[in-house]
Protein chains: 2
Amino acid sequence: MVPVRTETGTRDAGKGADTRATILARAVDLASVEGLEGLTIGRLAGELEMSKSGLFAHFGSKQELQLATIEAAAKRFRAVIAPAFEAAEGAPRLRAMSEAYLAHLEQGEYPGGCFWAATAAEYDDKPGPVRDAIAAALDAWLGELERQAGVAGAADPASFAFELYAVVTAANSRYRLSGDPSAFAYARAGMDRLLGELEA
Amino acid sequence: MVPVRTETGTRDAGKGADTRATILARAVDLASVEGLEGLTIGRLAGELEMSKSGLFAHFGSKQELQLATIEAAAKRFRAVIAPAFEAAEGAPRLRAMSEAYLAHLEQGEYPGGCFWAATAAEYDDKPGPVRDAIAAALDAWLGELERQAGVAGAADPASFAFELYAVVTAANSRYRLSGDPSAFAYARAGMDRLLGELEA
DNA sequence: GCTAAGTACGAACGTTCGTGCTTTTCTGTT
DNA sequence: AACAGAAAAGCACGAACGTTCGTACTTAGC
C-alpha cells in the first residue's frame with residue numbers, strides 16, 4: 001500500500017500518520033454506508049489491503065477507531081461547509097451553508113450520503129462515548145445555525161434552526177431511499193420559504 | 001414462556017402463530033434500538049427465553065425475520081395513525097396524522113423511537129428486499145401525505161408532503177439524540193406554519 | 001554501527017453470528 | 001388413551017467478530 005501524503009499526514013510526523021489518515025478516510029466512507037457498527041476492522045483492513053492487526057495497532061480498540069472516524073468525518077464536514085463562511089453572517093450564510101450541504105449530497109462525491117444521518121440514527125439509543133461524540137458534532141452544527149438565525153433576526157432562532165435542519169436532512173434521507181433527485185428541489189423550496197421570511 | 005393471545009394470533013390457527021406474533025412484537029422493539037442488522041437471532045431468543053433454533057424455525061432465514069419484522073412494524077404504525085382517519089380529509093387529517101405521530105414519540109410508548117427512522121438510515125445504501133420493503137412503507141406514508149395535501153389544496157402537494165415529513169421526522173431524530181423535548185415544540189410550530197398557510 | 005522506537009505482519013484466542021440436522025415435548029383430534 | 005403433526009429444543013458447523021501475541025522490517029538517535 002502506498003500511503004497518500006495528506007495535509008494532516010505531513011503535520012504529524014512519520015509515515016504512520018499518513019497510514020492513519022488513509023485508514024480514516026476510508027473508514028468514513030465505509031461507515032457512511034455500513035454504519036459505525038458495520039465498520040468492521042477486518043473489512044476495512046481488507047479494502048485497504050493491510051492486515052487486521054496492523055490496522056488495529058493504530059487505534060488499540062474498535063471504539064477508538066470509531067471515535068477517530070467521527071473526528072475525521074467532522075473535519076471533512078467542516079471542509080464541505082467552509083466556503084459558506086465567506087458569506088455575510090445571518091441569512092446569506094444560512095443559505096450558503098444549506099446550499100453547500102445540499103450540493104455536496106447532490107453531487108454524490110461521497111458514498112453513503114451523509115455520515116451524520118447514518119450514524120446518528122444508529123447510535124441515538126446506545127449511550128456511551130460514541131453517541132456523545134456524534135451528538136456533540138450535531139449540536140455544534142445546530143448551534144451554528146441557531147447563532148446565524150439570531151443574527152438574521154429570527155423571532156425564535158432555535159425553532160428556525162430546527163426547521164432548516166429538518167429540511168436539509170430530509171433531503172438526504174429521502175434522496176438516499178428513493179433515489180429521486182426532486183427531494184433536493186423540495187428542500188430548496190423549503191429553504192427559500194424559511195429564509196424568504198427572514199430576508200423580507 | 002406464556003404466549004399472549006393476540007388478534008393476529010387467533011386468526012391464524014395454532015399456538016405457533018401466537019408465538020410468532022410475540023416474537024415479532026419484541027423484534028420491532030429491538031430493531032428500533034439496534035437496527036435490523038443488530039436484530040440478532042441469538043439475542044432475540046435470549047430476551048424471549050427461548051432457543052435460537054426454535055425461534056429460527058419460524059422464519060427460516062434472517063432476512064425473512066427482517067421482512068416479517070418490517071411488516072409487523074407497519075401494522076403497528078397503522079394502528080398509531082389510525083385515529084387520524086376519523087378526521088376530515090385534507091388539512092384536518094394532515095394535522096391529525098402529524099399529531100398522532102408526534103404524540104406517540106413524545107409519550108415514549110416504544111423504545112428506540114421511530115422504527116422507520118432507525119431502519120431507513122441503516123438500509124438506504126444496502127440494496128435488496130429489506131431496503132425495498134422499508135422504502136415501500138415510507139413511500140406509502142408520503143403518498144398519503146401527498147394525497148391529503150392535494151385535497152387540502154396545496155399548490156405543490158409533493159413538496160408540501162416533503163416539508164411536513166421533514167418536520168416530524170426531525171422531531172424524532174433530534175429528540176432521540178439530544179433528549180430535549182423542545183424538539184416537539186419546534187416541530188409543532190413548523191407544522192402549524194405549514195398547515196396555517198393551507199387553512200387560510 | 002548499535003540501539004531503540006515505530007510500523008506492519010501472520011497466527012491464534014474466545015465469542016457470536018446465521019444456519020442446518022436430529023430429537024424431544026407439546027397439542028389437538030379421534 | 002393413543003396417535004399424528006406441529007412446535008420447540010439440543011447440538012454442531014463454518015465464518016467473522018474484536019483482540020492479543022510474538023516477530024520481522026524499517027527508520028531515527030546516540
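I looked up helix 9 of chain B and found that helix to be mostly covered, with 19 of its 22 residues buried. Buried means 20 or more other C-beta atoms within 10 Å of a residue's own, exposed 12 or fewer, and partly exposed in between, with C-beta atoms placed from the backbone. Helices are DSSP runs of H or I of at least four residues, strands runs of E of at least two, both numbered from the N terminus.

The model is predicted: local features need pLDDT of at least 70 and side-chain atom pairs pLDDT 80 or more, while totals for chains, interfaces and linings use all residues. Residues are numbered from 1 along each chain as its sequence is written, and chains are lettered from A and ligands numbered from 1 in the order in which they are written.

After helix 9 of chain B comes B:G179, with a positive phi near 75°.

Next I looked at B:A189, which sits in helix 10 (residues 182–199) of chain B. B:A189 is partly exposed, because 16 other C-beta atoms lie within 10 Å. From B:A189 to B:V33 I noted 28 Å, C-alpha to C-alpha, and 156 residues in sequence.

Then chain A. I counted ten helices and zero strands there. The C-alpha trace of chain A spans about 60 × 35 × 30 Å along its principal axes. Of the 200 residues in chain A, 40% are buried.
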